[in-house]
Amino acid sequence: QEEEKKAEKGMRLGKYELGRTLGEGNFGKVKFAKDTVSGHSFAVKIIDKSRIADLNFSLQIKREIRTLKMLKHPHIVRLHEVLASKTKINMVMELVTGGELFDRIVSNGKLTETDGRKMFQQLIDGISYCHSKGVFHRDLKLENVLLDAKGHIKITDFGLSALPQHFRDDGLLHTTCGSPNYVAPEVLANRGYDGAASDIWSCGVILYVILTGCLPFDDRNLAVLYQKICKGDPPIPRWLSPGARTMIKRMLDPNPVTRITVVGIKASEWFKLEYIPSIPDD
Ligand code: ADP
Ligand code: MG
């Protein structure tokens, strides 16, 4: 009880001393936290339990916790521990200090092809690791890719992720989710989709944005946006190298069956340029 009062004042959470707000989401806040015993810094996602009365929301949080506990990879944000009190669920996570990739692109514009490829390689390493664990992210976008102090990426926000038990008898996923600009045509089509190919599509949108500074598909009118996505074939600037252009084209193939896979991406000459594979932590 006493502990909770202190936590509410934004002072303390068990052995953690809480600090400034790092970010806000639709669940609550993410705050800086210092472990007063070890001196290590963390980020705590503080979720108000009153919001969990919403069943969908509660499922999302449970799913995010269950998923993050399974994943130990240098390019995926690490969940350190979960502390529950009467009124809150606190997810103590690895602290990532470089902000969102989204803000980096908005304030500094597109990346050079070399820098963009480096981030793309890290993104694909992280996502292929998730897929190897049977986890499909389903909400990949620039806002959910954080940067650490060295400019390396950390994938976050697994609230919409799918686990093996979410696949129906037909072997496909059936929940339409994700953000409009990043969603794959087969997810929109509502006939079931395989989580791997649709994550690759979203990574293709991310690659397009980091190399060009623009979204491949955009429109204020959602119906028009969806038409553009289903048609595929976005304009690809000629100043990109042939390798980069081919990669974007192959990832944004509207047909999930012929779309390039993680294996195909990793085997391509463009991807392999200056590639240093990242080793999973487990
Ligand atoms: P939501 O599910 O509401 O989108 P996120 O998990 O994406 O919530 O977190 C919201 C914001 O908080 C992020 O966009 C980011 O700015 C910040 N944030 C989240 N996790 C961390 C972290 N581990 N380290 C630093 N900042 C973080
Ligand atoms: Mg988010």
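In which loop is R138 found? I am working from a predicted model, and in it I placed R138 in the loop between α4 and β7, the latter covering 145–147. I then looked up its backbone and read a phi near 70 degrees, which is a positive value in a residue other than glycine. For its surroundings I counted 25 C-beta neighbours inside 10 Å, and because 20 or more make a residue buried, R138 counts as buried.

Helix α4 runs over residues 113–132, has 20 residues and reaches 28 Å from its first C-alpha to its last, close to the 28 Å expected at 1.5 Å a residue. Just after α4, I found that G134 takes a positive phi of about 80 degrees.

I also looked up D233, which sits in the loop between α7 (222–231) and α8 (242–251). Its phi is near 55 degrees, again a positive value in a residue other than glycine. Here I counted 11 C-beta neighbours inside 10 Å, so D233 counts as exposed, whereas R138 counts as buried.

Last, I went to the packing. The largest nonpolar core holds 65 residues, of which V44, L123, C203, I206 and L207 touch the most other members. Helix α6 (residues 195–212) gives the largest share of this core, with 11 residues.

How values were computed
Residues numbered from 1 in each chain as written. Chains lettered and ligands numbered in written order. Predicted model: local features only at pLDDT ≥ 70, side-chain atom pairs only at ≥ 80, totals over all residues. Core = buried A, V, L, I, M, F, W, Y, C linked by C-beta atoms within 7 Å. Buried ≥ 20, exposed ≤ 12 C-beta atoms within 10 Å, placed from the backbone. Helix = DSSP H or I, 4+ residues; strand = E, 2+ residues; numbered from the N terminus. Expected span 1.5 Å × (residues − 1).
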